[in-house]
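Please look at the sequence and the structure shown below, and keep both in view while reading the points that follow. The briefing takes the contacts with each DNA strand in turn and then moves to the contact between the protein chains.

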There are 2 protein chains.
Amino acid sequence: MNSAARPPAMSDVAALAGVSHQTVSRVLNDHPSVRPETRERVAEAIAQLGYRRNSAARTLVTRRSGTLGVVTPATALYGPTSTLVGLEEAARVVGWFVSVATIRQFDGDSMHTALEHFLGQGVDGIAIIAPTTEVAQAIAAIASPVPVVLISSASDVPPVPHLHAVGVDQRHGARLATQHLLDQGFTEVVHVAGPQDWFDAQDRLAGWREVSGPGAPEHIEAGWDAADGYELGLRMVREGVPRAIFAANDQLALGLLHAFWEKGVRVPDDVAVVGFDDEVGAAHYTPPLTTVRQDFGALGRLAVDSLQAAFAGEDVARQQIPAELVVRASSIRPAETAHGA
Amino acid sequence: MNSAARPPAMSDVAALAGVSHQTVSRVLNDHPSVRPETRERVAEAIAQLGYRRNSAARTLVTRRSGTLGVVTPATALYGPTSTLVGLEEAARVVGWFVSVATIRQFDGDSMHTALEHFLGQGVDGIAIIAPTTEVAQAIAAIASPVPVVLISSASDVPPVPHLHAVGVDQRHGARLATQHLLDQGFTEVVHVAGPQDWFDAQDRLAGWREVSGPGAPEHIEAGWDAADGYELGLRMVREGVPRAIFAANDQLALGLLHAFWEKGVRVPDDVAVVGFDDEVGAAHYTPPLTTVRQDFGALGRLAVDSLQAAFAGEDVARQQIPAELVVRASSIRPAETAHGA
DNA sequence: CGCGCCCATGTGAGCGCTCACCCCGGCGCC
DNA sequence: GGCGCCGGGGTGAGCGCTCACATGGGCGCG
């Protein structure tokens, strides 16, 4: 009945089981040199007392907290949040906790604050879902004592020590999307690019250009939001709508679809549209959106693996996961389209 | 040059500044009884050494980790992820870290594991974004030594000690949505409800029923996904499309819009649709969706406030944040609709 | 049969911090 | 002018764990 006073410590368990605290520790850490019988007694004492190992004490002496710090943008954007979920699951599999810091902007100050925050907390590694060029610079300036993994396609991250990079191969995904449109018979694909200070946006642009060739028209730069796509769509309606568009993400594509629908421009009959992300709901846009899917679960696992390799002192090369094209109605060439008008 | 060996400790700072470790501690904790001059010397030593307070040691002695554990479903659903972001920001304002655990299902086992995980880590409080009835029971069975706040409308959470509940007033939001449709002149509003083991779904249903009155038709139960809405929409097209629908979330509404568009049923001309959530992109659905917006930032702050009140021993009543109706084209009665066919 | 080695377990120190307590000197007050 | 009080600061213990080492009994081997 005195349970409220202080949670049971290892010594309490030891006393109850009639062993030393060290034996309890050995049981907890699966040390081989413990007789099954002793192990049993200790396990019983633990259960009886409701003992739970104090991780602060453990961290203090081992200098390892078993915690992964994740820096993520303060938005509900599909990509970043899915990546966070993927990371958490991968981290848990290897027994890590995940601590989160969101940041509103990726300037040096915000990044510095976030990293400082994590280092003070004693995290064992840091993952940054924050794919702007500013980030890499901010990190380079900090010289983290623990490994850092940057999650983005990041094809030109400066080679900073301890800084690894993993990502879905955005460039490959962009090639798939662009090639798909060309395969449909469109001779020219217009690219609505994302903010060019984001690695992902840069790479999607690069992938598009690789397939489109040098003769392709200039890309159009926009933000990541549907509102940007909508504005741009309205402008296209005024100035001329292309036959095929590859948008840098699904939200941009959604905004375009909205503008086209509003102005009576038919998709895919008048213009084919492809997005990127395969957001929840993309299958139900008007019309259902052809897009590029990313495997965020695999991405999380890759990031965690990369961090673990860093602990082991391995010099990990940049690693990428392939993307996958998901074909839906928005990009199917008119002749083949089925749904009645 | 021996910096790599061991990070500087408080005693190192003390030695450099020519004071005792306790004085350094006082400076760090803003204790008043330190001469400005001394404070200055200590601050300099800290900067020079790049000292960072070891939070594990601090946690060990204070028994407070300054960490908030958040349990959230393992999905990129708009509501949960937005709530997570809101929580993190509110937590940071009061100086808390946020640790995250995602769970795939809200059964007792998963919840138990997640809470056990956090308690071992020594979190000071736990927030659960997990609005199913199963959750409340699972929590009640655990008897957490730290305060727990359940984030959901949760109008019938059992009165468990230490268990607080905060949420956006789903019932109110549902009333707004339903009343809006009635105000448009529709005599009957059909409700497509979410999974009834979710508190939010229950409350949206209840709000709809309050305004619709007992004479209203039975609601239709579905999941949370666009695919569910789509299936249902197709069924409605076969069996009869109502004049006005209030869907339990935007994804369901999106699926309905998809089915209606595909089958040539016009929105809002033939059927008015209202959703719930105001997801990113809802303004750009076809047509733009009337929906109910929730202030997740305020929700996060309320949850954190509630936890702090719990520390102070206050017996906090259940608190709710009002929702806000956002009117767009999908619900505007035909006569008033503007965009040309 | 005695030496050494390994298995099983115990002992003590110390991780870096905060808390409780002690100490010293100056100043106001009766 | 002595006493108490308070500002400014120091000392030591101990939070709960792990690590390095000590111990002691059994068993294989020459």
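In this predicted model, an N or O atom in the side chain of B:Ser20 is 2.9 Å from a phosphate oxygen of DNA strand D. The side chain of B:Thr23 also has an N or O atom placed 2.4 Å from a phosphate oxygen of DNA strand D.

**Surroundings of DNA strand D**

- Two or more residues of the surface near DNA strand D come from each of H2 and H4 of chain A, and likewise from each of H2 and H4 of chain B.
- H4(A) provides the largest share of the surface near DNA strand D, namely 5 residues.
- DNA strand D is surrounded by 28 residues, and the closest of them are A:Met10, A:Tyr51, B:Thr23, B:Arg26 and B:Thr38.
- Of the atoms of DNA strand D that come within 4 Å of the protein, 60% are accounted for by sugar and phosphate.
- Sorted by class, the surface near DNA strand D consists of 10 nonpolar, 12 polar and 6 charged residues.

- Sugar or phosphate holds 61% of the atoms of DNA strand C that are within 4 Å of the protein, while the rest belong to bases.
- Two side chains approach base nitrogens of DNA strand C: A:Arg26 has an N or O atom 2.8 Å from one, and B:Gln22 has a polar side-chain atom that lies 3.3 Å from one.
- At least two residues of the surface near DNA strand C are supplied by each of four helices, which are H2 (21-28) and H4 (55-62) of chain A and H2 (21-28) and H4 (55-62) of chain B.
- With 5 residues, H4(B) gives the most to the surface near DNA strand C, and the residues of that surface divide into 10 nonpolar, 12 polar and 6 charged.

**Contact between chain A and chain B**

- Chain A brings 53 residues to the contact, and chain B brings 53 residues.
- About 4600 Å² of area is buried between chain A and chain B, and 60% of this comes from carbon and sulfur atoms.
- Of the area that chain A buries against chain B, 15% is supplied by A:Arg52, A:Trp261 and A:His284, which is more than any other three residues supply.
- There are 4 salt bridges between chain A and chain B, and one of the salt bridges links B:Arg104 with A:Glu89, whose closest N and O atoms are 2.8 Å apart.
- Polar contacts across the interface of chain A and chain B are found for 16 residue pairs.
- The elements giving two or more residues to the side of chain A that touches chain B include helix H6 (108-121), helix H10 (226-239) and helix H11 (250-262), while H5(A) gives the most, with 8 residues.
- By class, the side of chain A that touches chain B has 25 nonpolar, 19 polar and 9 charged residues.

**Strands that pair across the chains**

- E2(A) and strand E2 (residues 97-103) of chain B run antiparallel and are joined by 3 bridges.
- Within this pairing, A:Val98 has B:Val100 of E2(B) as its bridge partner.

How values were computed: Residues numbered from 1 in each chain as written. Chains lettered and ligands numbered in written order. Predicted model: local features only at pLDDT ≥ 70, side-chain atom pairs only at ≥ 80, totals over all residues. Heavy atoms only, no water. Near = heavy atom within 4 Å. Polar contact = N/O pair within 3.5 Å; in protein donor to acceptor, adjacent residues only side chain to side chain. Nonpolar A, V, L, I, M, F, W, Y, C, P; charged D, E, K, R; others polar. Contact = heavy atoms within 4.5 Å. Buried area = accessible area lost by both parts, 1.4 Å probe. Salt bridge = Lys/Arg side-chain N within 4 Å of Asp/Glu carboxyl O. Pairing = 2+ DSSP bridges.
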